[in-house]
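Here are some quick notes for when you open this one up. Have a look at the model first, then read on.

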Amino acid sequence: MTAAASTAPSTAGDLLVATDTSKVFGGLVAVSDIDFTIPTGSIVSLIGPNGAGKTTFFNMITGLYVPTTGKIRFDGRDITGKKPHEVVRVGIARTFQNIRLFGNMTAEENVLVGLHHRLKGRWFGAILRTPDVTREEAEAHAQAQELLELVGLRQRADTLARNLPYGDQRRLEIARALATAPKLLLLDEPTAGMNPEETRRLTDFVRDLRARLGLTVLLIEHDMKVVMGISDRVTVLDHGEKIAEGSPAEVRADTRVVEAYLGRGAAAG
Amino acid sequence: MTSAVRAPRPTIPNPFAGMDRRRRDLTIVAILLVVAIVYPVGYRSLEAALPFIPWPGTAVLITCATFAILALGLNIVMGFAGLLDLGYVAFYAIGAYTTAFLASSHFGIHISWWIVIWIAVAAAAVFGILLGAPTLKLRGDYLAIVTLGFGEIVRIVFRNLGDFTLALPAFLGGAILVGPNANLTGGNTGINPIDPPTIPIPGPWGNQIVFSNQNAIASWYLVLALLVITYVVCVRLRDSKLGRAWMAIREDETAAAAMGINTVTTKLLAFSLGASFSGFAGAFTGAYQTAIFAETFNFNVSILVVVIIILGGIGSLRGVVIGAFAAQYVNQTLLAFLGTRIFNQPLNDLGDATGIDLLSDFNLATYNYLIFGVVLAIMMIRRPEGLFPDEGAKAEMHGIGVAAEVTAGSAELLAAAEEAEAVALEAAAIEEATEIPDALPDVLPDVLVERGDVIDLADEEKPS
């Protein structure tokens, strides 16, 4: 755990800075005045009981929701209110809590969709099948194969996503997200429904990704073993508010957190 | 006993065995093209030699190909992008009217058809965007209703613009801006005649080739060429990043956006590229018939194209083309043939004898939409993926493909279990008949099974 913290590059700055962000649905305040930063190169976890506003916060970062108040800056740019596809283009990719693959497309095609915005070819080029487009397509397929190799799914390239086992679907979703060449990867409960062995492998995989690709990772996770083992920093939400922030050890010692959440989590673990 | 169950099925020798997929497909396409080119020339002799087969005439084939183009266009919207469009006929009408406006005496504009067709394509594409833009947030049923309305509006506008007056309201002076009784579209009488495409090649046919209904064979070659172009473009779009983006939107729009796909422009491209092919079909139809009437672009056309797509296999390009030829062949040749040769006369006689008008007037060909409806209903139940689906669609419609295989496998297992049960019962019967209670080991059959046991037949040969 401490090893993970020490391998994190020194904060050359914060990759993502959210200031005073709130999201209100009708009368419900889902996220309330949250200040939140993600240091470049770190693995940050967002935890909290169900309904604490974690996924809402994710959705604000990725452009699915427009924040009611506040600003989100990423890599020096204001991305508040940008559309989801624009957010991807500045370098934020995500996975979904309930896996959202393109079920009737093959594993390779799913990854190719992730590569979409990096391909320059236009539709008329595709119709005329210009040499540029042909070359780009060949490169994209090679790249997709590499990404599938990275997550250990190369043998499954031609399998329809819906026919993959659960664990493979989770990994394919990560490969698809990586295809967008993100600087920041958001993982929404990546180990949900996994057994301890699968969970351990996925944790190692995420740590490895950070090391190999220089990624910054934001994680929503319920499994406290994962959170404590992998995170450089943990932020705790409860009822839409940030109740604690700090290193895993600090958060673990925080009485409010223990009261709100971790007491039960630690007892179960 | 079990060998009967396991006997290999007699196999039909596959002429394409050993070929890879691409080569096989190319071979089939090449054969089909040769048949398509030769057929209209030999059609009369075929019909004379084998009159009991309902051979489609060249004019029927032309309709088939026209609808194949329409179906391929709509397939981009419905099959690839997953947007249900029930007003596709609107773009067909727009393509046809564009041609009529620019190549007829109606306005006295006579631009060459070879240029007009591209203008028709552009016009249809523009209207595709105009329809697409306000409907972007709609899905499923709602989109279907709006597009249906659009199709009707376009038809009615073309009909009513044959006689209209555009004036300022009374409180602004009531000045007449256009008209009175302006004629933009010919109204119910349509626009007639339209200049057909021509190529100035002299020959036995005169000093130029004219592609109109006066020369069905030449027109067939023209529409065939348009169909081939459409097909190739569709294949290339499908295999491009745009095609993948369409399918991603069809599968999960939110996830597609989260992967960097601009869903707005991608859906608009589906609408406009899909519509542009109906510009092809419209420009051809207008010029081939040398006349167009608003009422021919009615709702039935939209429905027929949707039926073709579902029949052939939504999203499957070859399925859609085969579906178009099958549907229009049945519609225009087969039903008329079966009617006049077999069904109509006896039923009419029966009607005359019994005084039932429904039977006296019976004509099978007029029941085409009833028959399509029944076929469609059966298809939805028995084979929702269409007659010639793509692999993905098959899996989608029948749940997980692997599960289907497993089910097939367990059916086999079940059969094996039944077989085993029969063996066991027979063995029990032998045992009973022999009645040597103390000599059990000698008379026991090789297979010792209780009723209801499941055994592995592969192990049957080994002593248990």
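Predicted model: local features only at pLDDT ≥ 70, side-chain atom pairs only at ≥ 80, totals over all residues.

1. Residues are numbered from 1 along each chain as its sequence is written, while chains are lettered from A and ligands numbered from 1 in the order in which they are written.

2. Chain A has an open sheet of 4 strands, ordered β2-β1-β4-β5 with antiparallel pairing. Strands are DSSP E runs of at least two residues, helices are H or I runs of at least four, both numbered from the N terminus, and two strands pair if DSSP finds at least two bridges between them. At the edges sit β2 (28-39) and β5 (77-78) of chain A, each pairing on one side only.

3. Inside that sheet, β1 (residues 14-25) and β4 (residues 69-74) of chain A run antiparallel and are joined by 5 bridges. One to click on: T19(A) has K71(A) in β4(A) as its bridge partner. Helix α2 (residues 54-61) of chain A packs on the sheet and touches β1, β2 and β4 of chain A.

4. Now the interface: 29 residues of chain A are in contact with 28 residues of chain B, contact being C-beta atoms, placed from the backbone, within 7 Å. On the chain A side, α3 (84-90), α4 (107-114) and α5 (123-128) each supply at least two residues.

5. As for chain B, its secondary structure comes to 17 helices and 6 strands. Of the contacts in chain B with a separation of 6 or more, 71% are between residues 24 or more positions apart.

How values were computed:
Contact = placed C-beta atoms within 7 Å. Axes fitted to C-alpha atoms, helices over the stretch in contact; angles between N-to-C directions.
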